[in-house]
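This report concerns the arrangement of strands and helices in one protein model. Please have the sequence and the model open while reading.

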Amino acid sequence: MSLQINLPFTVVFQKNWEALASRNTDGSRKYKYIINKGSSRSSKTYSLIDLFDIYARQNSNERLTVWRETKTLCKKTVLSDMIKHHRKTGRYKLGYEFNKTDSIFHYEHNNGGQTTVEIHGTDDEEIVHGFTQNIAWINEPYKISKETFDQIDMRSDVVFLDYNPKKDFFVNDLLDRE
């Protein structure tokens, strides 16, 4: 059975998707960091929710993680927005299972593989120092230390960051890169 989902995407989604798909001439990823800086209601969060969902549906055996300074806060903000947006767009639990206890979306693939989208907090050092992921999304990273960011960064192929430009922090050092 083929699953078809039609969604209206924003320009923010399109630019993030193109950045994720961009490759160098040798086939390696062009961008390690994809930074979304903008005001509230700029569609950053919903665009990244859509990107993670579509990517998880299309790619097998991948691990995608979403981070905030605590798991509780990540669940109250990003996870809540994910579920609300999936319900609003008619795809909640469509093509994936959701483990509410662990806050993990499991996308099963026809080849027997599985991709997960996992909700985490940087308050658990064991997880920060132990997890590897293909793609990490760090949401509103103001209270995440540079050392914690470095741990997630070194264990990720791509890192998305999204934030409102309220104050300077370690992300400013990344803005000088392409």
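The model is predicted, so local features are given only at pLDDT of at least 70 and side-chain atom pairs only at pLDDT 80 or more, while totals for chains, interfaces and linings use all residues. Residues are numbered from 1 along each chain as its sequence is written, and side-chain values use heavy atoms, with hydrogens and water left out. Helices (H or I, at least four residues) and strands (E, at least two) are DSSP runs, numbered from the N terminus.

**The sheet**

Seven strands make up an open sheet of mixed pairing, in the order β1-β7-β6-β2-β5-β4-β3. Two strands are taken to pair if DSSP finds at least two bridges between them. On average, neighbouring strands are turned by 15° against each other, direction ignored.

| Strand pair | Sense | Bridges | Facing residues |
|---|---|---|---|
| β2 (63-68) and β5 (114-121) | parallel | six | Arg68 and Gly121 |
| β2 and β6 (133-139) | parallel | four | Val66 and Trp137 |
| β6 and β7 (156-163) | parallel | six | Ile135 and Val158 |
| β3 and β4 (104-108) | antiparallel | three | Phe98 and Phe105 |
| β4 and β5 | antiparallel | five | Ile104 and Glu118 |

Strand β2 is largely enclosed by the rest of the structure, because five of its six residues are buried. Buried here means under 20% relative accessible area, calculated with a 1.4 Å probe on protein chains only.

Helix α1 lies across β1, β6 and β7 and runs at about 165° to β1. Helix α5 (residues 146-154) also packs on the sheet, where it touches β1, β2, β6 and β7, and its direction makes about 135° with that of β7. Contact means heavy atoms within 4.5 Å. Axes are lines fitted to C-alpha atoms, for helices over the stretch in contact, and angles run from 0 to 180 degrees between N-to-C directions.

**Helix against helix**

Helices α1 (residues 11-21) and α2 (residues 44-58) pack at about 45°, with their axes 9 Å apart. This makes α1 oblique to α2; angles under 35 degrees count as roughly parallel, over 145 as roughly antiparallel, 65 to 115 as roughly perpendicular and the rest as oblique. From α1, the residues in this contact include Phe13 and Trp17, and from α2 they include Leu48, Leu51 and Ile54. The contact residues divide into eight nonpolar, three polar and two charged. Ala, Val, Leu, Ile, Met, Phe, Trp, Tyr, Cys and Pro count as nonpolar, Asp, Glu, Lys and Arg as charged, and the others, Gly among them, as polar.

Helix α2 also packs against helix α3 (residues 71-88), at an angle of about 70° and with the axes 10 Å apart. That makes α2 roughly perpendicular to α3. Asp50 and Asp53 are among the α2 residues in this contact, and Lys84, His85 and His86 are among those of α3. Here the contact residues comprise four nonpolar, three polar and four charged.

Key. Buried means under 20% relative accessible area, exposed over 50%, partly exposed in between (1.4 Å probe, protein chains only).
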